[in-house]
Amino acid sequence: MGKLLIIGCGGVAGVAVHKCCQNSKTFSEICIASRTKEKCDALKEKLQNTTDTVITTAKVDADKVDELTALIREYKPDAVLNVALPYQDLTIMDACLACGVDYIDTANYEPEDTDDKEWRAIYEKRCKEEGFTAYFDYSWQWAYREKFEKAGLTALLGSGFDPGVTSVFTAYALKHYFDEIETIDILDCNGGDHGYPFATNFNPEINLREVSANGSYWENGHWVETKPMEIKREYDFPQVGKKDMYLLHHEEIESLAKNVPGVKRIRFFMTFGQSYLTHMKCLEDVGMLSTSPIMYEGREIVPIQFLKALLPDPASLGPRTVGKTNIGCIFTGKKDGKEKTIYIYNVCDHQECYREVGSQAVSYTTGVPAMCGALMLLTGKWNKPGVYTVEELDPDPFLDALDQYGLPRSENRAPVLVD
Ligand code: NDP
């Protein structure tokens, strides 16, 4: 019996809520709280007669700690699942600390306004010292470690698919298959087709900021930075086929580099079709991906937010998307002195997800692990005071839950990624 407060009501939240409702024994009560309460009410309306989970809804501006603390004090949840945007991570963590509840999210903090002077000064110092220019990193949330430890609370960071399941696959590989992991290649393939010339599968602002930034990877104890889309590889994905994929910076590289002893190289690749890349380059060249406000007809607008309003809502892609995702990690390393390579991955079918929960597979593959992270905390399996990324905890119960709730893993013993 547990009570979960879910903040945000977009594509990922929709799946997490469906999955909580499939497990009313653990999630006996949930509250869906977001900026637009009507979306929460519509989801409640859709689900409340299909489940024993008691669903309530609330309006909250998660940028405001006082609104969050008032809601948490009134609802008294056991944990808060943040599936709003990475911009709200710190305010929600502050509110959890103030109210004494555990915290879970799926993406690390990034500032909404990268022109903010205070943030920029810290960012520029870090770029100089650490040699990479990603504007999202764990330092902001790792700074909460002591506070969560002292409060006896758990903050679970990055419980989506990547970061999330890919990091748990790493902990699993280290626990069961390797004495030593030498290289990790995280591969994120969306082999789905939604029929639009250009659309993003999750929040457009977050997605486009991520893929238009410089790439980087970890090698021999250092970050190596690349130009956006500079490194391209082809991979033959099981059940999907051959796809082009490009090296990106991704947040789990940072935590895995700290948590996998002796790892020599960690890279992240994502597949993109030519139409997506051509549109993105053109939008970038004309300034539509900018996060800095501009004046338009006497009013301030942020170009990327205006673009978001023009693009299809990711939540609307479900009925039209066909095909599969294949996301996983290629590990190389040693076991009992022998070289070993393995690809651990999940394949998820867009239309099967749509039939089950009304969403496409990108929201599904994030919403299910988000629920599983909350499940680990509500059932006492991962409770440890402090701030943790998922690879720091026992992978077995989490992977059992993933199998049970729709994301079983596969393993292929002979993968190759041509360097
Ligand atoms: P959506 O844009 O579909 O949903 C975001 C939700 O957050 C919306 O309901 C939005 O409200 C709400 N929200 C935004 N700002 C606030 C605020 N200030 N106060 C309250 N609610 C707010 O995003 P997704 O569902 O696609 O993504 C959710 C999260 O999942 C993101 O952080 C994303 O980075 C992460 N993600 C993680 C992945 C992983 O594998 N780890 C993969 C994909 C996504 P409104 O409806 O009013 O706009």
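Domain 1 and domain 2 meet through 20 residues of domain 1 and 18 residues of domain 2. Two residues are in contact if their C-beta atoms, placed from the backbone, lie within 7 Å. On the side of domain 1 that touches domain 2, helix H1 gives the largest share, five residues. That side divides into eight nonpolar, eight polar and four charged residues. Here Ala, Val, Leu, Ile, Met, Phe, Trp, Tyr, Cys and Pro count as nonpolar, Asp, Glu, Lys and Arg as charged, and the others, Gly among them, as polar.

This is a predicted model; local features need pLDDT of at least 70, side-chain atom pairs count only at pLDDT 80 or more, and totals for chains, interfaces and linings use all residues. Residues are numbered from 1 along each chain as its sequence is written.

Domain 1 covers 2-157 and domain 2 covers 165-358. These bounds come from an automatic or database domain assignment. The C-alpha centres of the two domains lie 22 Å apart.

Now the ligand. Its shell holds 32 residues, and the closest are Gly8, Gly10, Ala62, Gly160 and Phe202. A residue counts as near if its C-beta atom, placed from the backbone, lies within 6 Å of the molecule. H1 gives the most to this shell, three residues. By type, the shell has 16 nonpolar, eleven polar and five charged residues.

Next, the largest nonpolar core. It has 113 residues; Ile6, Ile7, Ala16, Ile32 and Leu81 touch the most other members. Such a core is a set of buried Ala, Val, Leu, Ile, Met, Phe, Trp, Tyr and Cys residues joined through C-beta atoms within 7 Å. Buried means that 20 or more other C-beta atoms lie within 10 Å of a residue's own, with C-beta atoms placed from the backbone. Helix H14 (residues 361-378) gives this core its largest share, twelve residues. Domain 1 and domain 2 both contribute to this core, so the core lies between them. Ile7 touches residues including Ala33, Val60, Leu81 and Ile92, not counting residues up to four places away in sequence.

Last, helix H13 (residues 350-357). Helices (H or I, at least four residues) and strands (E, at least two) are DSSP runs, numbered from the N terminus. The buried residues of H13 are His350, Cys353, Tyr354 and Val357. Seen down the axis, they fall within an arc of 100°, so they line one face of the helix. The arc is that of the directions from the helix axis to the C-beta atoms. Their cover includes H1 (11-21), strand S15 (324-335), strand S16 (338-349) and H14. Just after H13, Gly358 takes a positive phi of about 75°.

How values were computed
Buried ≥ 20, exposed ≤ 12 C-beta atoms within 10 Å, placed from the backbone.
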